[in-house]
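Welcome! Take a moment to look over the sequence and the 3D view, and then we will walk through some strands and charged pairs together.

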Amino acid sequence: MQFHHHGYVSGDPRVQPAAGTGLDRPEELPDEVDVLIIGTGPAGMITAAQLSQFPGISTRIVERRPERLAIGQADGIQARSVETFQAFGFAQRITEEAYRIVEMAFWKPDPEDASRIVRTARPEDDPAGISEFPHLIVNQARVLDYFAEVMKNAPTRMVPDYGYEFADLEVDDDAEYPVRVTLVHTAGEHEGAARTVRARYVVGADGARSRVRQAIGCTLAGDQANHAWGVMDALAVSDFPDIRRKCAIQSGAGGSILLIPREGGHLFRMYVDLGEVDPADKGAVRATTVEQIIAKANQILSPYTLDVRDVAWHSVYEVGHRLTDRFDDVLPEELGTRTPRVFITGDACHTHSAKAGQGMNVSMQDGFNLGWKLGHVLEGRSPEDLLATYSAERQVVAQELIAFDRQWSTLMARKPEEFADPSELEDFYVRTAEFPAGFMTQYAPSILVAEPAHQDLAAGFPIGKRFKSAPVVRVCDGVPVHLGHHATADGRWRIYVFADGAEAGTDSLVSGFADWIRTAPDSPLAATPPGADPDAWFDVKVVYQQDHTRVDIGRVPSGFKPAVGPFGLTDYERVYAADPHADIFDLRGLDRSGVVVVVRPDQYVAHVLPLAGTAGLAEFFAPLLVARSDRRAGRAFA
């Protein structure tokens with residue numbers, strides 16, 4: 001964490017100075033805003049948290065509940081999400097309070113007595129070391145609390161506006177604030193009264209029954225699996241030996257359980273198989289009582305018993321897999337003729353079972369993808385065409401998620417005798433570990449993702465996939481760090497320069513690149529607004545191949561040591577060296593002749609280029625950066 005560059009900070013450095021819309025933020029919801037977000041679920045809150053870092057943008061997030069969520073339905077936090085939390089500054093704190101999954105046990109009928117279950121396997125959760133971040137279990141409500149803290153501490157001082165329910169919207173592209181939204185008060189002295197808010201953009205993060213989705217003419221299409229599950233968060237006394245370990249349990253008596261221990265050392269969640277549902281059931285299965293769920297759980301767990309002492313929450317649901325045809329308000333026949341004004345995220349776009357632990361995780365990546373794009377367009381950094389990439393990128397991810405979840409939920413519901421191979425379930429769990437961890441997403445080439453013409457220079461950083469961090473050593477103080485952990489959710493692009501073998505300060509390709517990136521008129525840094533810090537839009541870092549003791553920080557080009565803040569202080573924390581115990585050049589297959597890796601604000605690799613490929617770098621960023629003359633005619637910068 002860096003601070004003091006604007007003057008001495010006495011207090012919590014996570015609380016940024018108020019700026020822009022945060023200086024006189026109205027307590028009441030204003031009549032006009034840049035972005036109106038509907039719903040304070042994971043997708044909505046991460047979108048708001050990202051936009052809270054843009055001081056010049058007016059963003060409000062409304063919620064129909066009168067107060068914060070107390071108990072959330074989601075709880076699985078995949079490694080990719082924890083990686084994202086690192087960017088927002090709370091990965092370590094949430095990890096400390098969460099339950100950490102390091103292995104999963106599989107239980108099946110005893111071959112000698114099918115009325116009893118026995119443990120058959122206990123594989124590691126991440127045997128291949130997919131991520132340095134853990135797989136966690138923590139209540140969704142706590143995740144939302146952390147994002148609320150990020151928003152409140154941001155320059156915009158954003159907080160949710162509770163007690164407003166979305167009713168309808170209309171879009172008039174010719175208006176300054178094109179989206180006219182009708183909200184209804186759900187609490188307080190104005191309960192039941194309607195009011196209007198006009199916005200430049202609207203984000204519908206209002207769940208599976210999304211009214212925003214309905215308002216823009218999207219429908220969820222898909223199927224029901226006609227299979228019901230009861231779920232409960234419980235406190236119980238049990239002789240089941242793996243009650244504090246994630247388990248997939250299949251019984252000979254019929255039925256399965258997915259057991260997930262919760263944070264705090266005592267609470268656990270159980271998904272209990274209630275069996276096939278008659279299509280003519282008309283939802284009657286949802287009347288299943290918690291006592292019936294507990295009885296079914298005891299039947300599956302035999303010979304072990306479950307004495308439930310308290311149930312914090314329970315529900316009954318039928319597995320369904322549904323997806324919308326688009327994630328914004330641009331109709332198929334309008335593609336290329338207009339840019340979106342209304343977006344939907346999370347469960348408003350895709351619904352599936354909860355057992356793969358993907359709903360909250362994928363929803364947050366929806367919001368992370370969209371948030372910085374809205375910020376760049378509204379702040380005048382990028383053209384509106386950028387917004388069309390949100391639906392194009394995230395719909396593909398949702399399709400992949402539903403395909404995976406359909407496989408996993410089908411396997412979980414299958415009876416033991418229906419498996420061709422007794423180890424099929426655990427084999428699938430291990431074989432597909434990278435997908436549920438959140439690391440199989442790979443965006444296709446687009447305005448934001450380059451063709452992989454030079455992928456061989458950085459084999460370990462596949463273009464379109466998330467930037468997989470690796471250890472390095474900070475040169476200025478010799479501190480070992482993870483390179484990717486210093487990429488905060490501040491809306492900036494990252495340009496990682498992996499040096500050739502030349503020493504710092506010598507005439508080399510890396511010194512030539514440093515001079516170009518700092519001074520060339522076609523450098524992306526040249527688009528930075530006058531008066532702003534040179535790193536305001538781009539974070540440029542260099543990693544030398546030598547041991548840090550052999551890198552003379554005084555001879556490192558100034559292009560890698562920008563002057564920041566009102567005092568023009570030198571930032572030395574952009575200069576790194578390879579860690580001799582875990583060399584990033586070897587770990588990530590980096591060409592020793594040097595390579596440039598460009599990473600998007602949402603941590604996905606956008607381009608790989610040779611050090612001499614400055615023309616290609618300029619060409620890549622040209623359509624993503626609005627010309628200065630165009631910006632002067634548009635919005636002012638904060």
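Which unit do strand 1, helix 1 and strand 2 make? In this predicted model, the three elements form a right-handed β-α-β unit, with helix 1 covering residues 42–51.

**Strand 1 and its neighbours**
- Strand 1 runs parallel to strand 11 (residues 194–204), and 6 bridges join the two.
- Within this pairing, Val33 sits opposite Ala199 of strand 11.
- Strand 2 (residues 59–63) also runs parallel to strand 1, joined to it by 4 bridges.
- Here Ile38 has Val62 as its bridge partner.

**Arg200 and its two partners**
- Arg200 makes a salt bridge with Asp34, with the closest N and O atoms 2.7 Å apart.
- This pair connects strand 11 to strand 1, across 166 residues of the chain.
- Both Arg200 and Asp34 are buried.
- Arg200 also makes a salt bridge with Glu176, where the closest N and O atoms are 3.7 Å apart.
- Glu176 lies in the loop between strand 9 and strand 10, so this pair ties together parts 24 residues apart in sequence.
- Glu176 counts as exposed, at 56% relative accessibility.

**Other salt bridges**
- Arg262 and Asp233 meet in a salt bridge of 2.8 Å, N to O.
- Arg262 is buried at 1% relative accessible area, and Asp233 is buried at 2%.
- The count for the model comes to 48 salt bridges.

Terms used
Residues are numbered from 1 along each chain as its sequence is written. This is a predicted model: local features need pLDDT of at least 70, side-chain atom pairs count only at pLDDT 80 or more; totals for chains, interfaces and linings use all residues. Side-chain values use heavy atoms; hydrogens and water are left out. Two strands pair if DSSP finds at least two bridges between them. A crossover is right-handed if, with the strands pointing away from the viewer, the path from the first strand over the helix to the second runs clockwise. A salt bridge is a side-chain nitrogen of Lys or Arg within 4 Å of a carboxyl oxygen of Asp or Glu. Buried means under 20% relative accessible area, exposed over 50%, partly exposed in between (1.4 Å probe, protein chains only).
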